[in-house]
Amino acid sequence: MKNILVFLFIIINFLAHAQDYELINQDLIKYYELTNGAENKIITNDLSAANKLYKEAFQKLKYPHAKDLQNSMNIAIKIGDFQTAYHYYQSLKCLGKEFENDFAADNFKNLDLYKVKPCENKIDLQYKKSLDSLYEIDQYYRKLSGGNYGAYKKELTKSDSTASVQLLKLIQKKGFPNEYNIGLNSANKMFYQKFYYIIWHQLATNLYSSQKVNFSNEIVKALNNGKVTPDVAGQLFDLNNGTKNYSFFKIYQFVKGEKTDCCYISEAILPEKRAAEVNTKIKEINRKRKLIGLTSTEEEIQKSIFFLNNKDYVFTSITIEGFQFKNNNDAESFKKYLLKLDDINY
């Protein structure tokens, strides 16, 4: 009987992790269709069309994501739609985004012409403080280790357990946090919040700290409440479940000492280079991506390539992955299946 119960547990656990996560909120589905379309227009330099699509998108969602506000603000400035740009600038300021001191004066002439609206969101400073404290717990032994995580395996297991369990309790009590209730002061320039790393470190394949909490159920709820962007959701689903369901094409760089060799991409970006099983894998990834509001992995990589030389815009949170090989021959062998971005008409 015990063996049967163990078998059933394994099957149920596998099915839970193999399930399709899905965005079912119709307003959000439309929102992402419009913002994805706007991003595609940005990389083809059709900024007027992108501006229009963002305006339509923001009619669908009361609290647009910060990255979309930034992209739309930059577009509006470039095409001279300054009233719109100033409105988005104010919205970002309300979220706590820091701008250079002369940003407003440089981009909005005659500031007296623009109406200042009061902030509609309220930052929960206590919630932010609690999340930042958990992040410090998450990072303490990682920083202390200097990268040698194995030497602190016992300590990492304990601290990761504490941080993840407390984070889950906070989310269940106060809701999944985002920039509208904890602001942007705890996020990087790609709008990646610090507490995401606590979820990241609960990856199913962690060699140094066993998973205590799988956050997938909380993430899919947050996705459908507009509290997390689809790209972040997809990344965290993969990490928590030990899968590679939401991304195929990535930009790679190779690191040796202080030198970096960037940037490379899988040769499978060229359809004629794809084996049948690779093509099948890409189609399945694109099916799953669409279910959570993402464009195809081919479109995603085009945006990541565009970002390399256009840092004003943010499309996805993770753009470049690094590799470090002790043996140069190993690196060169890996590069045989990659294309140097400078060498192809991407």
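**Disulfides and a buried serine**

With 85° about the S-S bond, the link of Cys262 and Cys263 is right-handed. The model discussed here is predicted.

Visitor: How many disulfides does the structure hold?

Guide: Cys262 and Cys263 form another, with sulfur atoms 1.8 Å apart. Counting bonded cysteines along the chain, the pattern is 1-2, 3-4. The number of disulfides in the structure is therefore two.

Visitor: How many residues apart in sequence are the parts that Cys94 and Cys119 tie together?

Guide: Cys94 belongs to helix α5 (residues 82-94), while Cys119 sits in the loop between α6 (103-107) and α7 (125-145), so the parts tied together are separated in sequence by 25 residues.

Visitor: Is Cys263 buried or exposed?

Guide: A residue is classed as buried when its relative accessible area is under 20%. For Cys263 the relative accessibility is 14%. Because this value falls under that cut-off, Cys263 counts as buried.

Visitor: What is the hand of the link between Cys94 and Cys119?

Guide: Cys94 is buried, with a relative accessible area of 16%, whereas Cys119 is partly exposed at 47%. The angle about their S-S bond is -85°. The link of Cys94 and Cys119 is left-handed.

Visitor: Which residues does Ser159 touch, not counting residues up to four places away in sequence?

Guide: Ser159 is placed in helix α8 (residues 153-174). Its relative accessible area is 7%, so Ser159 is buried. Leaving out residues up to four places away in sequence, Ser159 touches Ile137 and Tyr141.

How values were computed. Residues numbered from 1 in each chain as written. Predicted model: local features only at pLDDT ≥ 70, side-chain atom pairs only at ≥ 80, totals over all residues. Heavy atoms only, no water. Helix = DSSP H or I, 4+ residues; strand = E, 2+ residues; numbered from the N terminus. Buried < 20%, exposed > 50% of the residue type's maximum accessible area, 1.4 Å probe, protein only. Contact = heavy atoms within 4.5 Å. Disulfide = S-S within 2.5 Å.
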